[in-house]
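The points are grouped by topic.

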Amino acid sequence: MGKIFDPQFMIEIIPDILKGIPYTLLIAVVAFFVGCVLGLIGAFAKIYRVPVLRQITAVYVSFIRGTPLIVQILLIYYAIPILVRVINARFGTNYDISWIPAVVFMLIAFSINAGAYLTESIRASILAIDKGQLEAAYSIGMSTWSAMIRIVLPQAVKVGLPVFANFFIGLMKDTSLAFTAAVPEIMGQAKIEAGRASRFFEAYIDAALIYWGLCLIFERLVALLEKHVSKSEKGVTK
Amino acid sequence: MIELHGVTKTFNKKTQVLKGIDLTVEEGQTVALIGSSGSGKSTLLRCINLLETPDTGTIRIGDYQFDAEHINHSVRKQVRTKTAMVFQNFGLFANKTALENVTEGLLVVQKKNREEANEIARRYLDKVGMADRANYYPTALSGGQKQRVGIARALALNPKIILFDEPTSALDPELVGEVLQVIRKVSEENVTMLVVTHEMDFARDVADRVAFMDDGQILEYGDPKEVFQNPKEERTKQFLQRYLQRFTYVI
Ligand SMILES: Nc1ncnc2c1ncn2[C@@H]1O[C@H](COP(=O)(O)OP(=O)(O)OP(=O)(O)O)[C@@H](O)[C@H]1O
Ligand SMILES: [Mg+2]
């Protein structure tokens, strides 16, 4: 005891903090994919000016962008138990929220958050594909659905790739806020380890390095993916 | 053959762009649609394959007839399987090779199997002189080559009519010839075509009929020689004079 800084402790607890990675990735990946689905719905509601859905989307996007993520997390965290109680009272059911793991709350909160941001990115990516291709698809008798799935979206994904990749990396870092709900992701694990020995600085350095490492890995993966994408569709295939 | 009766179209409730179009293109005929910019030529083509929805009028494509008041999802689908379009800006699918651009409609719309679709596509790519570029993506093709793929894509669907909207206007001058040559070849093969064009030589030499459009109406319609040499309407004379003048300057 009494050391100002304890490098040995810092190294010792790394394996424990690494145990948080699966949770971090779980939240980031699930939120990203659910967010993509929500974002697609929102983007189409806006592009095709779907009545009602378009207004709902506008309020949704505006609210999520206009409030801090931590507030959204806390709202979801407290809203769901209340919702369950209301349902129980209303329908005479007896659902017990205590068996829902905290991570599920976080999956919901992060997905809703990601959906709002991705609505705008997906919309922009779709609109970046020139309308001539869509009209050409219609002119040969394709449905809007086929044209989207086969022609527009594959190109939109490529156009938006850098934006989506950056968003994912940002999302991965944001998942650190899930520790507020006692989810044992990287930050949650770091907090537990830190608390055990009252050595916070060491634990948080570990957490920082692990996040940094994850980001570097993903940036590398994205760079490879982009290279692969730009190589295909230039010129010729066999 | 296709037949239009009293087709009108108004944009934004105020600008009437088509003011009652009657037009017939007989089976196997090539009709050139000429007229000054903004006269409504593109809008007319787009009303035929329902990329725009006409307000009133009746359209018959082969033995399929519909009127503007009763256009729904299934009418659109029917019409689009019976027509094809060649666009000024090609409209090629950037994520598909030349071959895949042609097979797309055969696979997705006509539900042919891949072998059959590939075989048909290769036949038509060959027809437009693009067989050796079958595996090229549009980014690797010149404008003229892209447009020839666009023509192959339209032909492969075996439609009742092919609508061309200024197929050479976006091309560099030296590439116009190769595309016009392909269109000429196609027109000799009993394919029914309606071609919006500013190429007066092409209209005169290749078309079976010429329609002159002015301010949302077909002002003059007839044999190309007749229309070019003895235009009846004052507006047609003025229009042709402008082009003839340009022509003499070039010489
Ligand atoms: N979607 C639209 N909304 C509003 N106005 C339109 C629309 N499409 C065309 N117009 C108007 O309709 C008129 C006719 O347009 P159109 O494109 O049919 O002319 P065009 O004969 O094809 O001309 P060009 O030779 O320049 O291609 C123009 O005044 C144009 O501004
Ligand atoms: Mg036009």
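The crossing of H3(A) and H6(A) is right-handed. This is a predicted model, and the angles, distances and accessibilities below are computed from it.

**Helix packing in chain A**
- Helix H3 of chain A covers residues 21-47, and helix H6 of chain A covers residues 102-127.
- Their axes lie 5 Å apart and meet at an angle of about 45°.
- The contact of H3(A) with H6(A) involves 23 nonpolar, six polar and three charged residues.

**Helix H9 of chain A**
- Helix H9 of chain A has 12 residues, 186-197, and should span 16 Å at 1.5 Å a residue; its end C-alpha atoms are 17 Å apart, which agrees.
- Buried residues of H9(A) include the run A:Ile186, A:Met187, A:Gly188, A:Gln189 and A:Ala190.
- A:Glu193 and A:Ala194 are also buried.
- Among the elements covering the buried residues of H9(A) are H1 (7-12), H2 (14-18), H3 and H10 (200-231) of chain A.

**Positive phi in chain B**
- B:Lys111 is not a glycine, yet its phi is positive, about 55°.
- The loop between helices H3 (98-108) and H4 (114-127) of chain B holds B:Lys111.
- B:Lys111 counts as exposed because its relative accessibility is 65%, and the cut-off is over 50%.
- B:Asp215, also a residue other than glycine, has a positive phi near 50°.
- B:Asp215 sits in the loop between strands E9 (209-214) and E10 (217-222) of chain B.
- With 47% relative accessibility, B:Asp215 counts as partly exposed.

Conventions: Residues are numbered from 1 along each chain as its sequence is written. Chains are lettered from A and ligands numbered from 1 in the order in which they are written. This is a predicted model: local features need pLDDT of at least 70, side-chain atom pairs count only at pLDDT 80 or more; totals for chains, interfaces and linings use all residues. Side-chain values use heavy atoms; hydrogens and water are left out. Axes are lines fitted to C-alpha atoms, for helices over the stretch in contact, and angles run from 0 to 180 degrees between N-to-C directions. Helices (H or I, at least four residues) and strands (E, at least two) are DSSP runs, numbered from the N terminus. A crossing is left-handed if the near helix is turned anticlockwise from the far one by less than a right angle, and right-handed if clockwise. Ala, Val, Leu, Ile, Met, Phe, Trp, Tyr, Cys and Pro count as nonpolar, Asp, Glu, Lys and Arg as charged, and the others, Gly among them, as polar. The expected span of a helix is 1.5 Å times one less than its number of residues. Buried means under 20% relative accessible area, exposed over 50%, partly exposed in between (1.4 Å probe, protein chains only). Contact means heavy atoms within 4.5 Å.
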